[in-house]
Each structure stands twice: as structure tokens, then as C-alpha cells.
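The entries follow the order in which I consulted the structure.

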Amino acid sequence: MFLSKKLLNAVDCPDDDKLESILMEIKETCTEEEFANLLNKSYDTSKNTLLHLAAKNGHKNNIRLLLSLDASPCHKDFMSRTAYDLAPNRDSRNIFRRYMAEYPDQFDYSKSHIPSPLTDDSS
């Protein structure tokens, strides 16, 4: 319970280093499977994951961090919305699209609602 609160406070905080520090500390003390479960579990009654919460708050660096640690952009909340769907502005949504362009095989993006990859060459 304490760990969940700590993570939720960190993901809600605009201080980019706070979430990374906590996650790196946790990653050292658990298995890969436990860490993946921690990243992708629902943290509230709306079935929001850490990535949903970071996206909803528009915390671009936290979105990128969570994706890089394998937080899936395909999980859906109780209204079938992905984290991408909750991103409040173009800059936040473009983090997902740029990540998709850089790592096209990391996730099954067809389930993520991310419309297309975004590269510097994209218009």
C-alpha cells in the first residue's frame, strides 16, 4: 500500500527525477515479471495504470520513462481508453507517436489507439 502511494505521488509530480528514482530503486529489488506487473497494474477504480496517470497529467518525461521501461500503451481503463487517449495536448500525444517511430516492434501498437508513428520527417 505504501509503495502504491509513493508511486502515485511520483507519477503525479512534475519532477521528472522523482518517478525515475523510485522505479529504479524498485527494479533492483524485484524480478522482471514483478516489475512489469507493477508498471502495468491498475492503480485506481478507473483501472488507470501509471502510464495512464502520467499521460492524463501531461508529464511528457514520465510518459517517455514509463514507455522505455515497458509500461504498455495498450492497457485500457474502465472506459476502454488507452493512455494515449488521455493525453491532454498534442505535445503529450506526440511523445507516444515519437516513441512508436523509434521502437516500432516493442508493443502491438494497433491496440494502443496511437494513430501513427511521428518522425522528424513527418509533416
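Predicted model: local features only at pLDDT ≥ 70, side-chain atom pairs only at ≥ 80, totals over all residues.

Residues are numbered from 1 along each chain as its sequence is written, and side-chain values use heavy atoms, with hydrogens and water left out.

**Entry 1: α5 and α7.** I took helices as DSSP runs (H or I, at least four residues), numbered from the N terminus. Helix α5 covers residues 60–68, and helix α7 covers residues 90–102. Their axes (lines fitted to C-alpha atoms over the stretch in contact, with angles from 0 to 180 degrees between N-to-C directions) lie 9 Å apart at an angle of about 30°. That makes α5 roughly parallel to α7, the term for angles under 35 degrees, whereas over 145 counts as roughly antiparallel, 65 to 115 as roughly perpendicular and the rest as oblique. The crossing of α5 past α7 is right-handed.

I then listed the contacts (heavy atoms within 4.5 Å). From α5, Lys60, Ile63, Arg64, Leu67 and Ser68 meet Asp91, Ser92, Ile95, Phe96, Tyr99 and Glu102 of α7. By class, this contact has 5 nonpolar, 2 polar and 4 charged residues. Here Ala, Val, Leu, Ile, Met, Phe, Trp, Tyr, Cys and Pro count as nonpolar, Asp, Glu, Lys and Arg as charged, and the others, Gly among them, as polar.

**Entry 2: α1 and α2.** I found that the axes of α1 (residues 2–12) and α2 (residues 16–27) come within 8 Å and cross at roughly 150°. That makes α1 roughly antiparallel to α2. The crossing of α1 past α2 is left-handed. Its contact residues divide into 8 nonpolar, no polar and 3 charged.

**Entry 3: the faces of α1.** Which residues of α1 are buried? I recorded Ser4, Leu7, Ala10 and Val11 as buried, meaning under 20% relative accessible area, with exposed over 50% and partly exposed in between (1.4 Å probe, protein chains only). Seen down the axis of α1, these residues fall within an arc of 130°, so they line one face of the helix; the arc is that of the directions from the helix axis to the C-beta atoms. Phe2 and Lys5, on the other side of α1, are exposed.

**Entry 4: Asn62.** Asn62 lies in α5 and is buried, with a relative accessible area of 1%.

Terms used
Helix = DSSP H or I, 4+ residues; strand = E, 2+ residues; numbered from the N terminus. Left-handed = near helix turned anticlockwise from the far one by under 90°.
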